[in-house]
Amino acid sequence: MLKHPMLKYIREEGPAGKRLPFILCPGCGAGQVLNYTLHAVDEIINQPGVKKEDFVFISGIGCSSRLTSHYLNFDSGWTLHGRALPVATGVLLANPKLKVIVFTGDGDAAAIGGNHFIHAFRRNINITVICVNNGLYGMTGGQVAPTTQPFTITPTTPYGNVEEAFDLCKLATVAGASYVSRWTTAHPFQTIKAIKKGIANKGASFIEILSQCPVHEHKTPVEMINALKGMTVSIDKSMNSNKIPVGEFHFAPRPEWTERYEAIIEKCNERIS
Amino acid sequence: MVEAAVKEKKYPGNFRRPYIKAGRHYLEGSEACVEGALVAGLKVYAGYPITPASEIMEHASRRLPQFGGRFIQMEDEISAACALIGASWAGAKAMTATSSPGFSLMQEAISFSIMTETPLLIVDVQRPGPGQGYITTSQEDVMQARYGHHGEGPIIALAPSSVQDMFELTIEAFNLSEKWRTPVLLMVEETVAHLREQLIVPELDTIELIKRKKPQDLNISPETYLPYGHDIVPPMANFGEGYNINHVGLVHSEDGNVSNYSLKVHRENIDRLHQKIEGNVNEIARIESQFLDDCDHVLICYGSVARTGLEAVKEVREVHGIKIGFIRLVTLWPFPEEKLRSLISKVKNVFVPEMNLGMIKHPITEALRDKCDRVISIPEIGALHSPEKLIDQIIKGSTC
Amino acid sequence: MIEIVINSDYCKGCSICVAFCPRKVLQTSNHINSKGFMLPEVVNLDACTQCMLCEIVCPDLAIAVTGK
């Protein structure tokens, strides 16, 4: 039977049984983000000099973090809530040649993982952070998140959210990420390109993807994707618009953490010999 | 390419040869710990400053790049412990050192490393608690070492008593973590971390070093590799070697599948983790003992209290003629119940001096319930027991 | 001959492929798979230009089109 080309990167089953279909809900944006990421990785893997075994996927906890769990035919780690970034940092300390891609969500990255978010970007450590932002905590029932708009009703804001939402791209830029961009699940080709550019960037890359959670928003996936398209506008046209800007916000390569440390190792060994 | 700013900086002098030379040294416990770790093959240190453990981190920051390793000061203890997990998954021997409040922060990461069977070393330089407590010495985390992480899941914890131990037990801790694919804790006290005394380093090629078993070593191909299978201690593939290993923290089958949950799968997972360590306690745990032949009483201690304990035992035997034996637990967890029972036939009093209000006295009481008349706990908060205090308690306990 | 195959084990009937197809090749059918999802079906194969959008946007990797 003709199979989806990206299934070659998926562990469809193992000795203990089948692993697919994905645990994600029907129409989940995270599934689309996985598809886009695999397309981006597929294009890079086919470049000369790139080895598939150099790719490592690390995730935290949440619906978007389920993308690693046990599905990928790559080295992967499904870690602690909010702590994907420090684990990814550790991976690079041990082996800076690995291409580390982090799947995280808005709650995972900006709430419990907030501190690690700003420091990983401050360090400009060579990771590509793909943040699936659905504006709520999907896995646990749709609770309010740091990215939920004010006045939204959620299971923990039954009278309406009294807080403002983070702009994750601004946060990442100010913290020091060298490549920052935002797209939505309604922009497949742009997302794939952004992820490719993020992986190629030698430094900390942040790609935010606004995504639908049809179950907790009580809408159909298609409705939500159309809404995502409608509520966003390209950066160059965003000046006079209330819509959410999407596109490349920031691209300023600067010295990467392991590169700087490599200089120290070289110097130390010089003095010894 | 070496950046200009880096070129100009003055590097800390002290470029002695990479490994510590065999022979006699005079070192602080913190330094001895790092030197031992480097001999064991430490390649990644991720830390966070906290009194009284910061010296270990500072020493590691100076020495690691001399070995081509990488040091990083993270933004908090949680991320320090998490960085060790990633480094270990990518094949490096990794460690950190913290003190009691930081140790509390690392418990989730420890629990996760037990479930994912990730080798790493965490040094807890204990200080009194609760809260900020104080910055001097204590043994108040020894129960937390075993039960501080959430959930079931055994762990290995060692208790050094000297600078020599800081060197040797650090190497032993790394060996245990690699051999049993588990996190290992080194339960140090501030006393030993800040103590300066003689260290004798043997010829380095006489030191046994253990590396984790990999599927390649057992001719297991990536297609047939089971990340949590093949053996009670599963061979561990490192990132970047083409084995496509998926590390997962939910209960899982041998192939890492997390979606075929059943009580059977759950219990098999937990049972194997438990048996891996507790079932091999006699191989893993070590005890040192003296004067046990025909003793009427015994003193059981660990860590730096063992130094005072031994002195007290010797004096009580020589000066007061009381036949008391001496046992030092080198390994606190897994608790060596069987070994302890085999060392003692029947005694009257078991004295357990601890720098807490009585913690290891509990498994000791359980282990020796039918081998002694009573267990006498000798607590001391915030400082070492004085030999006089121990001698006093032993005499009092033995004569009434 | 272009082939469009929908994997009835993996498809969750979200209809994203139907909505994204620029040539209205697909439509949600009345076929229910073993999990209770209504699968898409090909209703206008001749209109397919093999743009591969359906493949790219599927959250479950459940649709495949023979490549150009």
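Which residue of β9(B) stands opposite A:G77? B:H247 does. This is a predicted model, in which local features need pLDDT of at least 70, side-chain atom pairs count only at pLDDT 80 or more, and totals for chains, interfaces and linings use all residues. Residues are numbered from 1 along each chain as its sequence is written, and chains are lettered from A and ligands numbered from 1 in the order in which they are written. Helices (H or I, at least four residues) and strands (E, at least two) are DSSP runs, numbered from the N terminus.

**Which chains touch**
- Two residues are in contact if their C-beta atoms, placed from the backbone, lie within 7 Å.
- Chains B and C do not touch. Their nearest C-alpha atoms are 15 Å apart.

**Chains A and B**
- Chain B gives 52 residues to the contact, and chain A gives 46 residues.
- On the side of chain B that touches chain A, the elements giving two or more residues are β2 (42-47), β3 (70-73), α4 (77-89), α6 (107-116) and β9 (246-247) of chain B.
- α4(B) supplies the largest share of that side, 9 residues.
- By class, this side of chain B has 27 nonpolar, 16 polar and 9 charged residues. Here Ala, Val, Leu, Ile, Met, Phe, Trp, Tyr, Cys and Pro count as nonpolar, Asp, Glu, Lys and Arg as charged, and the others, Gly among them, as polar.
- Strand β4 (residues 75-78) of chain A runs parallel to β9(B), joined by 2 bridges. Two strands pair if DSSP finds at least two bridges between them.

**Chains A and C**
- This contact takes 23 residues from chain A and 22 residues from chain C.
- α1 (29-45) and α8 (221-231) of chain A each supply at least two residues of the side of chain A that touches chain C.

**Helix packing in chain A**
- α1(A) also meets helix α6 (residues 188-200) of chain A: their axes come within 8 Å and cross at roughly 50 degrees. Axes are lines fitted to C-alpha atoms, for helices over the stretch in contact, and angles run from 0 to 180 degrees between N-to-C directions.
- That angle makes α1(A) oblique to α6(A). Angles under 35 degrees count as roughly parallel, over 145 as roughly antiparallel, 65 to 115 as roughly perpendicular and the rest as oblique.
- α1(A) contributes A:Y36, A:T37, A:H39, A:A40, A:E43 and A:I44 to the contact. α6(A) contributes A:P188, A:T191, A:I192, A:I195, A:K196 and A:I199.
- The contact of α1(A) with α6(A) has 7 nonpolar, 3 polar and 2 charged residues.

**The sheet in chain B**
- Chain B holds an open sheet of 5 strands, in the order β10-β12-β11-β14-β15, with mixed pairing.
- Its edge strands, β10 (287-290) and β15 (372-379) of chain B, each pair on one side only.
- From one strand to the next, the twist averages 20 degrees.
- Within this chain, β11 (residues 297-301) and β12 (residues 324-329) pair in the parallel sense over 5 bridges. B:L299 stands opposite B:F326 in β12(B).
- Helix α12 (residues 305-320) of chain B lies across β11, β12 and β14 (347-354) of chain B. α12(B) runs at about 170 degrees to β12(B).
- Helix α15 (residues 387-399) of chain B packs on the sheet, touching β11, β12, β14 and β15 of chain B. The direction of α15(B) makes about 155 degrees with that of β14(B).
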